[in-house]
Amino acid sequence: MTHVLEISGLVKKFGGLTATDHVSLTVDTGEIHALIGPNGAGKSTLINQICGEIIPNAGHIHLAGREVTRLPPADRVALGLGRTFQITSLLDDMTVRQNLGLAVQAREGGNFHIFDRAAKRAEIWDEVGETLNDTALSPRADIAAADLSHGEKKQLELLMALSQRPRLLLLDEPMAGLGHLESQQMIDSLRAARSDCAMLLVEHDMEAVFALADRISVLVYGRVIAAGTADEIRANPAVREAYLGEEDA
Ligand code: ADP
Ligand code: MG
């Protein structure tokens with residue numbers, strides 16, 4: 001079986017510091033794979049190598065069976081890699097619906113003929129309507145992005161990323177800055193999205209990680225010290241000592 005993402009023997013050094021130390025992991029179709037670890041463990045560095053913003057010193061990254069280790073970010077997006085748009089990329093004056101329309105249009109690129117424009121536009125708004133349907137943002141569709149709460153902005157980012165129809169979505173701390181209710185909504189949204197794409201989730205909120213992840217990899221000083229299901233990770237003594245143990249102290 002082809003993994004959506006396969007990382008093998010990845011190494012990234014910053015001067016004398018090995019931020020990624022022979023990391024190997026896979027993400028399968030339909031899987032939510034969480035990456036956890038203390039601050040400075042190398043989570044963001046790993047995510048940035050998967051997106052193509054950082055090129056590793058050694059090792060390989062395959063996306064849907066294709067080697068992408070040294071490809072530029074745009075080529076990886078074309079192969080099905082998605083990541084959440086940053087809140088700063090939302091257009092403040094535009095409504096939720098319009099922001100989503102732009103995301104769908106970006107996916108379509110220049111792929112349609114000028115004579116098809118009116119039809120295409122109708123198709124885009126239909127798709128936006130379907131995307132919003134049954135989501136927490138549905139009643140807020142015609143509100144300007146600037147007037148959304150922080151949690152609603154994060155929801156919009158997620159919907160925009162999903163509009164790209166990625167095979168694999170990279171999520172770097174989607175719960176950051178969210179209150180309890182907003183986190184719960186984000187967990188529900190990610191759960192609903194899992195049938196559409198696999199996810200690699202970096203998250204500090206352990207409640208969210210244990211609620212969502214099929215598998216968890218634990219990174220400490222650039223190394224994967226443990227990988228397994230939520231139950232296996234909870235019970236792993238090395239993980240408790242290196243990471244979860246902090247909570248018992
Ligand atoms: P995490 O996301 O798990 O908190 P990071 O990937 O941000 O960890 O950082 C891992 C280690 O690499 C840290 O020690 C950090 O200081 C270092 N690091 C990250 N980016 C750079 C960089 N561009 N140059 C030098 N050191 C870096
Ligand atoms: Mg980080």
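Axes here are lines fitted to C-alpha atoms, for helices over the stretch in contact, and angles run from 0 to 180 degrees between N-to-C directions. Helices are DSSP runs (H or I, at least four residues), numbered from the N terminus. The model is predicted: local features need pLDDT of at least 70, side-chain atom pairs count only at pLDDT 80 or more, and totals for chains, interfaces and linings use all residues. Residues are numbered from 1 along each chain as its sequence is written, and side-chain values use heavy atoms, with hydrogens and water left out.

**First stop: α3 and α4**

Select α3 (residues 96-108) and α4 (117-132). The axes of α3 and α4 come within 9 Å and cross at roughly 120°. The two helices are therefore oblique to each other; angles under 35 degrees count as roughly parallel, over 145 as roughly antiparallel, 65 to 115 as roughly perpendicular and the rest as oblique. Their crossing is right-handed, that is, the near helix is turned clockwise from the far one by less than a right angle. Contact (heavy atoms within 4.5 Å) involves V96, R97, Q98, L100, G101, V104, Q105, R107 and E108 of α3 and K120, I124, W125, E127, V128, T131 and L132 of α4. These residues comprise 7 nonpolar, 4 polar and 5 charged. Ala, Val, Leu, Ile, Met, Phe, Trp, Tyr, Cys and Pro count as nonpolar, Asp, Glu, Lys and Arg as charged, and the others, Gly among them, as polar.

**Second stop: α3 and α5**

On the α3 side, select V96, N99, L100, A103, V104 and R107; on the α5 side, L156, L159, M160 and S163. The contact has 7 nonpolar, 2 polar and 1 charged residues.

Next, display α6 (180-193). The axes of α5 and α6 lie 10 Å apart, at an angle of about 10°, and the pair is therefore roughly parallel. From α5, H150, G151, K154, Q155, L158 and L162 meet E182, Q185, M186, S189, L190 and A193 of α6. By class, 5 are nonpolar, 5 polar and 2 charged.

**Last stop: the largest pocket**

Finally, select T131, L159, L162, A193 and D196, which lie nearest the centre of the largest pocket among its 21 lining residues. α4, α5 and α6 each give two or more residues to this lining, which divides into 8 nonpolar, 6 polar and 7 charged. A pocket is an open set of points on a 1 Å grid over the protein atoms alone where a 1.4 Å probe fits, with protein on both sides within 12 Å along at least five of seven lines; lining residues have an atom within 4 Å of a point.

Notes. Chains lettered and ligands numbered in written order.
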